[in-house]
Amino acid sequence: MKRILLLTTSLMLVIAAFAYAGDQKTEKTDKDTKATQANMGEGHHDGSTVTLTGEVLDMYCYMSHPESATGEEHAKCANSCLAKGLPIGFLTADGTVYMIVGSDHTPANDMVKDWVGKQSTITGKLMQHKGMKAIDIASISAPKS
């Protein structure tokens, strides 16, 4: 249990470091801005309800080996990580990664486990702080055609 806690804490520090590094950029390209606006909708702020389409990730593998940590080939490993309580994320088509959190300090791992390695649509409240993005997930389903 201590190993999982230490691993989770270490992962959170790495994610925070990446978020901080992202804040240091002073210019954002028009392409990045348009992709973010298309994904979140213009004008969304903290606490806004958003709907995103993408893939559920286990954050440990995604941060350790992003080149092979997505898709159906990785689903078995990702579900193993989620079962251990490791952090979960959501990768959108524009490459933005959101941390998935459950409402009222509850884990969302069981809620999303069937969607690892598959395209899905999540709805929830957007949370942002110092470059870090998270979704307080309310629902997950198949993408609308």
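Q: Which residue is the bridge partner of Ile 100 in S5?
A: The partner in S5 is Ile 135. This is a predicted model, in which local features need pLDDT of at least 70 and side-chain atom pairs count only at pLDDT 80 or more, while totals for chains, interfaces and linings use all residues. Residues are numbered from 1 along each chain as its sequence is written, and side-chain values use heavy atoms, with hydrogens and water left out.

Q: Which elements make up the chain, and in what order?
A: There are 5 helices and 5 strands. From the N terminus on, the order is α-α-β-α-α-β-β-α-β-β.

Q: How many bridges does S1 form with S4, and how many with S2?
A: S1 pairs with S4 in the antiparallel sense over 7 bridges, and Glu 55 has Gln 119 as its bridge partner in S4. With S2, S1 forms an antiparallel pair over 5 bridges, where Gly 54 stands opposite Thr 92.

Q: Why is S1 described as largely enclosed by the rest of the structure?
A: A residue is buried under 20% relative accessible area, exposed over 50% and partly exposed in between, with a 1.4 Å probe and protein chains only. In S1, 7 of the 10 residues are buried, so the strand is largely enclosed. For the chain of 145 residues, 37% count as buried.

Q: Why is Thr 92 called buried?
A: The relative accessible area of Thr 92 is 4%, and the limit is under 20%, so Thr 92 is buried. Thr 92 belongs to S2 (residues 88–92).

Q: What makes the pair Thr 92 and Asp 94 a polar contact?
A: A polar contact is a pair of N or O atoms within 3.5 Å; within protein, one must be able to donate a hydrogen and the other to accept it, and residues adjacent in sequence count only if both atoms are side-chain atoms. The side chains of Thr 92 and Asp 94 are joined at 2.6 Å, so the distance is within the limit.

Q: Why is Cys 61 called buried, and why is Cys 77 called partly exposed?
A: Cys 61 has a relative accessible area of 5% and is therefore buried. Cys 77, at 34%, counts as partly exposed.

Q: What makes a set of residues a nonpolar core, and which have the most contacts inside the largest one?
A: A nonpolar core consists of buried Ala, Val, Leu, Ile, Met, Phe, Trp, Tyr and Cys residues joined through side-chain atoms within 4.5 Å. The largest has 18 residues, and those with the most contacts inside it are Leu 52, Val 56, Ile 100, Val 112, Ile 122, Ile 135 and Ile 137. Apart from this core lies another, of 8 residues, among them Leu 57, Met 59, Tyr 62 and Leu 91.

Q: How do you know that the buried residues of H4 lie on the same side?
A: The buried residues are Ala 75, Ala 78, Cys 81 and Leu 82. They cover an arc of only 120 degrees around the axis, which puts them on the same side of H4; the arc is that of the directions from the helix axis to the C-beta atoms. The face turned away from this side carries the exposed residues Lys 76 and Ala 83.

Q: Why does Glu 72 count as exposed?
A: The relative accessibility of Glu 72 is 62%, and the limit is over 50%, so Glu 72 is exposed. Glu 72 lies in the loop between H3 and H4.

Terms used
Helices (H or I, at least four residues) and strands (E, at least two) are DSSP runs, numbered from the N terminus. Two strands pair if DSSP finds at least two bridges between them.
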